[in-house]
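Here's a quick walk through the strands, cores and ring contacts of one model. Keep the viewer open while you read.

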Amino acid sequence: MTSMLPPTRDLPPGRQAKIRAEIERAATRRASRRLAVPILAAAAAVAVVTAGIVVLRPTPSLPVPAVQITTSPATPSADSGVPQEAVEAIETGCTKAAGMQGRAKLHQLLDEQTRWALLYTDKEVLICSIGSGGQDYRTGFGKRAVALLPGHFSVEGGGATVGGMHLGPAYAGTPGYREAAGRIDSKVARVTVTADGNTVDAKIANGTYALRMYYSQSWTIPQGVPDPVVRAYDAGGTLLGTSSDLLKECYFDPATGEVVYGDERKTRDQCRPASPWK
């Protein structure tokens, strides 16, 4: 065995170029395999992130109305903030104070500078003061065709009461006030009362409106000033009518032809038909 290298020989023509081409192809294949690993890894990472976004995206919630619409019960109850036992006590106490039989239905209870309630029977309206002047219940009432409305609203409670210092010791500290109350149909969304240069919104509930405008305990009813004006508006702000209009109009019961609002000396053909309440 010899340790000597074989003598150097020249490659055949074209062989050197062929070997060079094979070496370049092999190098290119190895480089492509090295680049493929990070590219695939990156693609897998993107797929994981995308999948994570899909899984973590919150479920769309149902749209919430901008305004919550509720229907008031016919009579205040625990659902409207007045316990049922209180409703029953007020209905019984106010009805008895009016000297009436049965029990009127409570439609509004207002607890402001004074505590008072608005109630109806099938024929009368009762405006009842609660715990005023040393009396548990004190009420006045008037007969009305309460099943019918003269247009979109009625005016059934109104007037003014002087401040307590003019009424005696039992009314000490009681404010004077103007009062307005009545019924409305489903188109009425707002009722205002204008008096003594001020306009105030009445409270609307259970198909009625009610308001007391309070003054000092020394207040007396001013003379020579315009009468209070009640105005009713729909939800869009359109004026539906005023109390001044009601003084000029008359309305008859469509079932009987009887004039039930306005000048009773007028005949049916001179008046408008009244509309059902509720």
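## Hairpins, cores and rings

β2 and β3 form a hairpin with 3 residues between them. Strands here are DSSP runs of E with at least two residues, while helices are runs of H or I with at least four, and both are numbered from the N terminus. Before going further: this is a predicted model, where local features need pLDDT of at least 70 and side-chain atom pairs count only at pLDDT 80 or more, though totals for chains, interfaces and linings use all residues. Residues are numbered from 1 along each chain as its sequence is written, and side-chain values use heavy atoms, with hydrogens and water left out.

β2 and β3 run antiparallel and are joined by 5 bridges; strands count as paired if DSSP finds at least two bridges between them. Ala117 has Cys128 in β3 as its bridge partner. Lys105 sits opposite Tyr120 of β2. β2 is largely enclosed by the rest of the structure, because 5 of its 6 residues are buried. Buried means under 20% relative accessible area, exposed is over 50%, and partly exposed is in between (1.4 Å probe, protein chains only).

Glu124 belongs to β3, residues 124-132. Is Glu124 buried or exposed? At 16% relative accessibility, Glu124 counts as buried. Its contacts (heavy atoms within 4.5 Å), leaving out neighbours within four places in sequence, include Met100, Leu119, Phe141 and Arg144.

Then there's the loop between β1 (105-111) and β2 (115-120), which is where you'll find Thr114. The Thr114 side chain makes a polar contact with the side chain of Tyr214 at 2.5 Å. A polar contact is a pair of N or O atoms within 3.5 Å; within protein, one must be able to donate a hydrogen and the other to accept it, and residues adjacent in sequence count only if both atoms are side-chain atoms. Not counting residues up to four places away in sequence, Thr114 also touches Thr174, Pro175 and Arg212.

Rings of Phe, Tyr and Trp (its six-membered ring) pair if their centres lie within 6.5 Å; planes under 30 degrees apart are stacked, over 60 edge-to-face, and the rest tilted. Tyr177 and Tyr214 are edge-to-face, because their ring centres are 6.1 Å apart and their planes stand at 65 degrees. Tyr177 is in strand β7 and Tyr214 in strand β11, so this pair ties together parts 37 residues apart in sequence. In contrast to that geometry, Tyr215 and Trp219 are stacked, at 4.3 Å centre to centre with 10 degrees between the planes.

Arg212 puts its charged end over the ring of Tyr177, 4.1 Å from the centre, and Lys278 lies over the face of Trp277 at 4.7 Å from the ring centre. The criterion is NZ of Lys or CZ of Arg within 6 Å of the ring centre and within 35 degrees of the ring normal.

| Residue | Relative accessibility |
|---|---|
| Thr114 | 12% |
| Tyr177 | 8% |
| Tyr214 | 18% |
| Trp219 | 12% |
| Gly164 | 0% |

Gly164 is in the loop between β6 (157-161) and β7 (177-183). Beyond its neighbours within four places in sequence, Gly164 contacts Tyr171, Thr174 and Gln217. Gly164 and Thr220 are 56 residues apart in sequence and 9.8 Å apart in space, C-alpha to C-alpha.

Now the cores. A nonpolar core is a set of buried Ala, Val, Leu, Ile, Met, Phe, Trp, Tyr and Cys residues joined through side-chain atoms within 4.5 Å. The largest has 21 residues, and among those touching the most other members are Phe153, Tyr209 and Met213. β8 (190-195), β11 (208-214), β12 (229-233) and β15 each give two or more residues to this core. A second, separate core has 14 residues, including Ile90 and Leu106.

Finally, β15 also belongs to an open sheet of 3 strands, ordered β15-β14-β16 with mixed pairing. The edge strands, pairing on one side only, are β15 (259-261) and β16 (272-273). β14 (residues 251-252) runs antiparallel to β15, with 2 bridges, and Phe252 has Val259 as its bridge partner there.
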